[in-house]
Structure formats: structure tokens, C-alpha cells
Amino acid sequence: MATSVQRWWHKLVWPWSPLSEREASEAIVRNLWLHWFPAKVSGRSMSWSYSLWLGTVAASLFVILTVTGVMLMFFYVPSTERAYGSIKDLQYAVSFGRILRNQHRWAAEGMVALVFIHMARVFFTGAYRGARVLNWLVGVALLLLTLMLSFTGYLLPWDQLAYWAITVGTNIASEAPVLGPTFKYLLLGGHFVGQQTLLRFYVLHVFFLPAVVWILFAYHMWRVRKDGGLAAIEPLRAMRRAEPKEMPRSKSYSLFGLTPGTSVAVMSSMGLEERDQVASSPNLTRRMILVFLVVFNITLLLSLLVNAPLEGPANPSVTPNPAKAPWYFVWLQELVASTTVHLGKVTISGGLVGGILVPGVLLAALILWPFFDRSTVSAEGVWFARERTRQNVVFAVITVAIIILIIVGMYLRGPYWRLYWPWSPRPVLPRVL
Amino acid sequence: METDRRTILRWLGKGSVFAAFIAQIGAAARAFFPNVLYEPPSTFKLERPEDYPQGYSFNSEHRLFVVRAANKFHVISAICTHLGCTVQWRGTEFDCPCHGSRFDANGNVIAGPAPRPLPWFEVSLSPDGLLEVDSAETVPQGSAFTTPTEKA
């Protein structure tokens with residue numbers, strides 16, 4: 001009895017504490033969960049200071065979002081009459097429901113931030129070059145999907161915040177040339193944000209978009225392997241390739257007896273040597289679990305301390321004053337509010353310029369950037385390579401500009417979207433209705 | 001290339017199966033464009049003309065302003081032409097809370113990102129004596145509906 005329990009226990013845990021190098025490699029190959037890791041990993045790929053583990057943090061947040069999201073689905077009713085009430089129930093009637101919703105909310109905002117910061121890391125380390133271009137494009141798609149998930153999830157509580165953010169957002173979509181109004185009609189399932197819209201956004205949010213993200217995420221990870229691991233090892237790999245290879249000594253039989261000679265040198269497909277690498281299990285897996293746990297605990301702590309916002313129920317006749325988008329879209333709100341162009345008699349709405357053209361240009365830049373990057377291999381996998389200074393400055397300036405717009409939108413905009421200093425008094429407005 | 005009857009029939013067979021597949025995808029996509037909308041009709045009735053005070057009255061249900069000057073009435077949309085928020089009447093002008101557009105008393109843009117003036121809707125008197133608005137029909141600024149003198 002005891003031995004069979006021991007055997008089962010061993011079956012479950014043995015990959016986590018392998019007794020030999022060989023067992024560690026086999027664990028990776030044979031284990032369902034571990035097979036997508038390489039058997040060996042270089043110290044530099046695993047280091048905290050190179051990648052900052054940002055991709056893993058973003059992925060951890062997505063796991064948290066999936067699990068808390070599925071749990072929220074048990075309580076949420078996607079109907080205009082009951083959506084708001086079901087969120088209120090989660091806040092006040094369901095045991096620990098508030099924490100569940102808070103964690104979903106903070107993990108979601110964290111994921112938007114982390115996916116972007118992860119992208120910034122990849123940019124600043126020049127890690128999208130060469131064969132990794134395709135994975136950069138997958139990453140850009142994942143960033144867009146993250147934003148779409150936020151946007152669709154934003155409507156679900158059916159409060160004032162939700163209703164007006166989606167009204168403004170879908171009106172921006174309708175400013176797109178030619179297909180804009182059709183796209184808005186398709187997205188809303190009508191002309192106004194209503195029951196059809198809620199249902200469509202719900203299905204997109206809980207099934208369609210997460211499914212696409214999971215598929216692309218799997219592909220993203222697979223490509224990391226196929227592209228030869230993190231770009232962090234490129235400098236080391238180049239160094240190893242340049243080193244003269246010492247042929248292993250061997251002895252063979254000749255006509256005159258034993259003759260010393262050399263045998264073939266075998267290099268790993270990674271282009272690294274044994275001494276550059278350690279077994280993925282448990283070195284990599286241990287860190288991964290640690291990162292996940294830290295991320296989980298931070299979101300949990302936030303959820304205990306700060307409640308997810310919930311305003312009054314959606315009211316189509318009264319717009320809150322000021323009506324603000326969530327922080328990661330507020331820079332777009334700043335843009336749409338200030339980019340209406342008058343050219344003689346022709347007026348181009350800020351919805352088109354700031355809501356579609358500017359973000360469209362930024363997106364095109366992200367997609368096309370790797371193809372115009374002329375830096376050399378020596379700038380690959382290195383933070384702030386001198387060769388790439390100009391590119392890094394451009395990226396940093398755009399990022400800082402977006403952050404400034406976010407700060408202005410979040411803290412300096414008062415009623416009627418006018419500018420106020422954070423400390424200056426804002427007019428108290430009579431409630432409309 | 002040999003084009004005997006067998007080859008042609010085979011391609012017709014494969015082609016029709018593929019065409020049916022594509023058509024089915026098209027049909028599935030078409031389902032997402034609703035044919036029936038459960039939205040309020042664009043023509044609706046308001047109060048009786050004499051129920052409105054002089055000046056600007058906000059109708060929250062239909063998101064519009066009924067403006068009365070003596071016995072002349074006109075109706076201005078309260079939906080901002082920028083991105084669809086509800087504008088507020090501030091005594092001398094309309095202000096939008098979302099992106100700061102400002103419109104004068106006739107709905108013309110004074111400032112902010114709004115690209116067009118607030119539209120005026122057609123007003124008439126329904127047979128049962130109520131103001132009737134057709135929000136699908138815009139009328140030029142300055143048009144007004146004058147109530148018959150015995151009503152006002």
C-alpha cells in the first residue's frame with residue numbers, strides 16, 4: 001500500500017526534483033506540462049535582469065484572468081436588466097465575490113500595462129530582429145487582442161462608465177472611412193448600445209477573443225523555441241561560434257596498432273555548450289512558479305485594498321461629466337478631443353484623426369519597424385545597444401508622449417473636459433434631470 | 001491538358017462542395033447584421049405645445065431640446081456630433097461633457113472637436129394635439145413650427 005502511494009506520488013512530482021541530469025531532461029520531454037520548455041536553458045535567458053520576466057508576468061495575469069473570468073461567468077447575467085444587478089450582487093451579496101471581481105479588474109489593467117512593457121523590453125533589447133520578426137508580429141497582435149478584451153469587458157458591468165465608454169468607442173469606429181458605419185452597426189447589433197451590443201460584447205469577451213489569445217499565445221511560445229530561445233543568448237552564441245573548436249581526442253586502430261587522433265566535435269543545435277546551460281527542470285520551472293505566485297499575490301493584495309470602480313447603472317440620457325475612458329484609452333480620448341481639423345470648408349472630425357488615423361499610423365509603425373531596422377547582429381539581445389540609440393529614442397519619445405496624454409486626461413481634465421490643475425477647485429455642477 | 005467528361009464532372013463536384021462551404025460562411029456572417037431592430041421609432045410624440053415653458057427644455061428620453069419662443073417651436077438634438085455624448089444646456093450655449101465641444105444657442109460649433117452643428121429635427125402637430133418629432137428628418141436652422149393661435 002505504502003509503496004503504491006509512494007509510486008503515485010513519485011509519478012506526480014518527480015519532474016520537479018529530478019535526481020540526475022538525464023532524469024531532468026526526460027521530465028521535460030515526457031511531461032505534458034513541461035514539454036513546451038527546452039530541456040536545457042542558458043543562464044542568461046533565465047536571468048531576472050535581462051527579460052525582467054515580463055512575458056511570464058503578462059501570461060500569469062492572463063491565466064488569472066481566465067480563471068477569475070470563468071468564475072465570474074457563474075454569477076454574471078448578460079442582459080441589460082440584470083447585468084448591473086449581478087455585478088452589485090458580486091460586490092455585496094456573494095461571499096468573496098468582490099475580491100473575485102477586483103482581481104479580474106486589476107489583473108486586466110495589469111495585463112494591458114505588462115503586455116506593453118514586455119513589448120518595450122523586446123524593442124529596447126533589439127530582440128525582434130532576424131528570424132524573430134514573425135514572433136514580434138504575433139506579439140503586436142496579442143497587444144491588440146488584449147486591448148480588445150479590455151474594451152469588450154468594459155461594457156459588461158453596464159454602469160455609466162461602461163455605457164459611455166462604449167458609446168464613444170463605437171462612434172470612433174464609425175468614423176473610419178467607407179466601412180466605419182457598417183462596422184459600428186455590426187459591433188452594436190443596431191444603432192445604439194443596447195441588449196444586442198451587450199450580448200455581442202459578452203460572447204466576444206468570454207469566448208472568442210480569449211480563444212484567439214490562447215492560440216496565439218501557444219504559437220508565441222512555440223516560436224520562441226523555434227527561433228532559438230530568447231535573443232539574450234545571441235551574443236554568447238556568436239562568441240561560441242567564433243571560438244576555435246577543440247576536437248575531442250580519440251584513439252583508433254590502424255595497421256600499426258593504436259593511433260591517437262581527433263574525433264568530430266558535436267555542437268548542440270542551440271549553438272551553446274554544456275557549461276552555458278542548466279536543466280530547465282527545475283531551474284526554469286521553479287522561477288516560473290515563483291513569478292506566477294508573486295503576480296497572483298500582488299493582484300490579490302490590490303483586490304483586498306482597492307475596489308474596482310462601479311458607477312450608477314447605465315443611463316442613455318445622461319452623460320457623466322466629465323466622461324472618461326479607462327486610463328489605457330484616455331490618451332486616445334485626449335487625441336479625439338483635440339485633433340478636429342478645419343481646412344477651409346472641410347472639417348475632419350477628431351474621431352477620424354485622433355481615433356483612427358493616429359493609432360493606425362502607430363500600429364503600422366509597430367508592424368513595419370523590424371523591416372526597416374538596419375542594425376547589425378551585435379545589437380541583438382543587448383539592452384540599449386549603442387547602434388540602436390536613435391531607434392530607442394524614437395520609441396521612448398512616443399511612449400512618454402502617450403504617458404503624458406494619459407496623465408493629462410486622468411488628472412487634469414475636469415467637467416466639460418476643461419483643463420484644471422489637480423489642486424485647483426472644480427466647479428460643482430447641478431445634477432441634470 | 002485532357003478535359004474529358006470525367007475531369008469536368010470531378011471539378012464541378014469539388015467546386016460545388018467548396019462553393020457551398022463558402023456560401024455557408026457568408027450566410028453565417030450575414031446573420032450578424034440584424035434585420036429587425038428593437039429600437040424606438042424615429043418618429044415620436046412629445047407633450048402638448050402649451051406644456052412647454054419659454055426657452056430650452058431637455059427631453060431625456062429622446063435626448064433632445066424643445067425650444068419655445070412665444071408660439072414658435074423647434075427641436076435641437078442633444079447628441080453631440082463628435083462622438084455621441086449628451087450635451088447640456090448652460091443658459092447661453094450647449095456644452096459636451098465628453099470632449100469639451102461647445103455649441104451656440106442654435107447648435108453651431110463655437111469650440112471643441114465637434115465637426116458639425118447639432119441637427120434640428122422636423123416638428124409638427126399630431127392630430128391629437130401633441131408635438132411630433134421626426135428625428136430621421138433634419139431641417140435647416142431657423143425653421144420653426146408655429147402652433148395655431150387658438151392652441152398657444
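Chain B of this predicted model is divided into two domains: domain 1 covers residues 1-38, and domain 2 covers residues 43-146. Taken over C-alpha atoms, the centres of domain 1 and domain 2 of chain B are 50 Å apart.

Begin with helix α1 of chain B, which spans residues 5-30. Arg6(B) has its place in this helix. How exposed is Arg6(B)? Its relative accessible area is 60%, and the cut-off for an exposed residue is over 50%, so Arg6(B) counts as exposed. Arg6(B) also belongs to a positive surface patch, together with Arg5(B), Arg10(B) and Lys14(B).

The next topic is salt bridges. Over all chains, the structure holds 18 of them. In chain B, one of these pairs is Glu50(B) with Arg48(B), where the closest N and O atoms are 3.9 Å apart. A salt bridge requires a side-chain nitrogen of Lys or Arg within 4 Å of a carboxyl oxygen of Asp or Glu, so a distance of 3.9 Å meets the cut-off. Glu50(B) has a relative accessible area of 34%, and Arg48(B) has one of 41%. Both values lie between the cut-offs of 20% and 50%, so Glu50(B) and Arg48(B) are each partly exposed.

Another salt bridge in chain B joins the side chains of Arg102(B) and Glu93(B), with 2.8 Å from N to O. Are the two partners buried or partly exposed? Arg102(B), with a relative accessible area of 27%, is partly exposed. Glu93(B) is at 13% relative accessibility, and because buried means under 20%, Glu93(B) counts as buried.

Salt bridges can also share partners. In chain A, such bridges join Arg129(A), Arg132(A), Glu234(A), Arg237(A) and Glu380(A) into one network.

One pair in chain A is Glu380(A) and Arg132(A), which form a salt bridge with the closest N and O atoms 3.2 Å apart. Where in the chain do Glu380(A) and Arg132(A) lie? Glu380(A) is in the loop between α15 (350-372) and α16 (389-412) of chain A. Arg132(A) is in the loop between α7 (97-124) and α8 (133-155) of chain A. The two residues are 248 residues apart, and the pair links distant parts of the chain. Both Glu380(A) and Arg132(A) are buried.

Notes:
Residues are numbered from 1 along each chain as its sequence is written. Chains are lettered from A and ligands numbered from 1 in the order in which they are written. This is a predicted model: local features need pLDDT of at least 70, side-chain atom pairs count only at pLDDT 80 or more; totals for chains, interfaces and linings use all residues. Side-chain values use heavy atoms; hydrogens and water are left out. Patches are made of residues with over 30% relative accessible area and no salt bridge: like charges are joined within 9 Å, nonpolar side chains (Val, Leu, Ile, Met, Phe, Trp, Tyr) within 5 Å. Accessible areas come from the Shrake-Rupley method with a 1.4 Å probe; for residues, only the protein chains shown count as cover. Lys and Arg count as positive and Asp and Glu as negative; His and the chain ends are not counted. The place of a charge is taken as NZ of Lys, CZ of Arg, CG of Asp or CD of Glu. Helices (H or I, at least four residues) and strands (E, at least two) are DSSP runs, numbered from the N terminus. Buried means under 20% relative accessible area, exposed over 50%, partly exposed in between (1.4 Å probe, protein chains only). Domain bounds come from an automatic or database domain assignment.
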